[in-house]
Amino acid sequence: PMSTSSGPPAPPVPPASFSNGYTAAIALRKDRLAVRRYIFSPEAQGVDSVRAFATDPSHLQLDECRGFVFRVSSCWTGLIISPLQQAQGNEKSAEEAAGKLMKHWEGILNDKEKRVQTAKHFKAVKEVNEQLVAQVVRFSEFGKESSGMQEEVVKYLLEKGILPILETLYKEAHAEARPSREDSGESKNISTTKGSGTAKSVAWMRACGHACGFGPDRLAIYMVDDSLKQAVENLGRIFRKSGVIPDISGRQMDRDNMVKLQAEKPYKHVCLVSCMQMRTCWLDDVFSGFCEQFSDKPDINIVILGAGYDSRFYRVELPRNINAFEVDTKATQSAKIRQLDQMKEDRKHVNFVEVDFMKESWIEKLINTAKMDKRAPTLLLWEGVTYYVSEKVVQETLKVVSTAFEGPAAIAFDYASAEYQKEMSGATQKIGEPWIFGLESKDMSKLLASTGLRELDHLSRADCLKRYFPVTRDGNTLGIGGTTKVYVMAANKKWPV
């Protein structure tokens, strides 16, 4: 179920640095450390590996996108990587190269389905101008031999009329009315009707982690759009050569700046692939710990709330006593089921429960519709969801875990700090999936206690870096993570002490 890449064992980590929480013992197991925390040696050495990364067209880290890298995955690979892969070849001249790119974009404009799909990517574009065209060309191989060729390709693209095409797609992307606040205090979220775009981005980041060799999600690549799969493969290849995580720049100076930024803003997602690796591995450990703890029970429940493209029920070995439930909106769940069927993945063992989290009670749906036994030990995984619901919904969900189950019940989830939620609200609002909840860690502990729950685990990304990432020979981790606590697991009073 986990990544197969490994290297020499990394220097031992003092158990105390893993904290004394619920997942510490599992994270320290040799079989887990062997595929997570090993010594990484890049295939290429020195400046050549850095240069290869910085000039490769699948390098997605644009300065303009650092503020919101959720859309680097879907936007820039869609706008830049796929067109370039199709247009690249034996171009004899800059004009011929520009002609191939123009043909690609004209084809999009004249194909209704492609036009609609491509227009979505433009939600992350601030402005269509010559600089955007230059970025498209810069991420190609056209200028590999001569930097002057890039300028020539840009020149010909502008002459051939690339800007009006990009402008049309940009205007269509921004034509929809922005989500508005309702009287209830909730924000309309497009994931309830159109499916979650951020869930797709999460799958992309998990796929990148697996392609690099350290990520556990072998199925994530199948949840990624076909146009992005080659980019994922390229990024994995670049990591193996250079040791550079996909959304960290190839230049050492930029990595140092990102580490500095993480220290200045410990609450921030500076490297999203790093964050996704830590979150995925931590919840895998929660999952395994729960299954082992209650292995002697006739039945156990594991519920994934807001399941998105989570693949745990298909990639992790499941115990015989498990009852598996995935709860999500109709749009996102339908898209996932179609993908699972295309993959020919067996899903008979999973109970799919459709729910609109803003209007319906997920616990009533589980008990009354899916016939979940609330007397059995129950674990709820609530991954990547709290950002998009109100504090009232978070509080009510925690209260349900505290009071609605007759047997032991626990919930594990991630959340943003109040400061980070405020910082991200504008960008997330624009793409139709706004962040509306955030809480500082000390306030989260108070909220859990007020709802009658007991903390079992409460970790920062810095804690998780010590568990879930390869290291260099001098013991430095390859990932980046801050010291703000963002991962928490809490249980009701029926949970064994």
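**Reading a sheet, its helices and its cores**

Modeller: Let's start with S6 and S7, which pair in the antiparallel sense over 6 bridges. "Pair" here means that DSSP finds at least two bridges between the two strands. The model is predicted, so to speak of local features we need pLDDT of at least 70, and side-chain atom pairs count only at pLDDT 80 or more, while totals for chains, interfaces and linings use all residues. Residues are numbered from 1 along each chain as its sequence is written, and side-chain values use heavy atoms, with hydrogens and water left out.

Biologist: How many helices and strands does the protein chain have?

Modeller: The protein chain has 21 helices and 7 strands. Both are DSSP runs numbered from the N terminus: helices are H or I with at least four residues, strands are E with at least two.

Biologist: In what order do the strands sit in the sheet?

Modeller: Read across, the order is S3-S2-S1-S4-S5-S7-S6, in an open sheet of 7 strands with mixed pairing. The edges are S3 (350–354) and S6 (454–460), each pairing on one side only. From one strand to the next, the twist averages 15 degrees.

Biologist: Which way do S1 and S2 pair?

Modeller: S1 (residues 300–305) and S2 pair in the parallel sense, over 6 bridges, and Ile-300 stands opposite Ile-322 in S2. S2 and S3 are parallel too, over 5 bridges; there, Asp-328 has Glu-354 in S3 as its bridge partner. Now look at S5 (residues 409–414) and S7 (residues 485–491): they run antiparallel, joined by 5 bridges. Ala-410 stands opposite Ala-491 in S7, and Arg-454 also stands opposite Ala-491.

Biologist: Why is S6 called largely enclosed?

Modeller: Count its buried residues, where buried means under 20% relative accessible area, exposed over 50%, and partly exposed in between (1.4 Å probe, protein chains only). In S6, 5 of the 7 residues are buried, so the rest of the structure largely encloses that strand. S2 (residues 322–328) is largely enclosed as well, because 6 of its 7 residues are buried. Over the protein chain, 56% of the 497 residues count as buried.

Biologist: How do I describe two packed helices?

Modeller: You give the angle between their axes and the distance between the axes. Axes are lines fitted to C-alpha atoms, for helices over the stretch in contact, and angles run from 0 to 180 degrees between N-to-C directions. The axes of H18 (residues 391–403) and H20 come within 9 Å and cross at roughly 45 degrees. H18 and H20 are therefore oblique to each other (under 35 degrees is roughly parallel, over 145 roughly antiparallel, 65 to 115 roughly perpendicular, the rest oblique). Where they meet, Val-394, Gln-395, Leu-398 and Lys-399 in H18 touch Leu-447, Leu-448 and Ser-450 in H20 (contact means heavy atoms within 4.5 Å). H20 (residues 441–450) also lies across S5, S6 and S7, at about 165 degrees to S6.

Biologist: What is in the largest nonpolar core?

Modeller: In soluble globular proteins, nonpolar side chains tend to be buried together. A nonpolar core is a set of buried Ala, Val, Leu, Ile, Met, Phe, Trp, Tyr and Cys residues joined through side-chain atoms within 4.5 Å. The largest one here has 68 residues, and Trp-282, Phe-313, Met-489 and Trp-495 touch the most other members. Its largest share, 11 residues, comes from H14 (residues 272–293). A second, separate core of 33 residues includes Val-303, Val-327, Leu-366 and Met-444.
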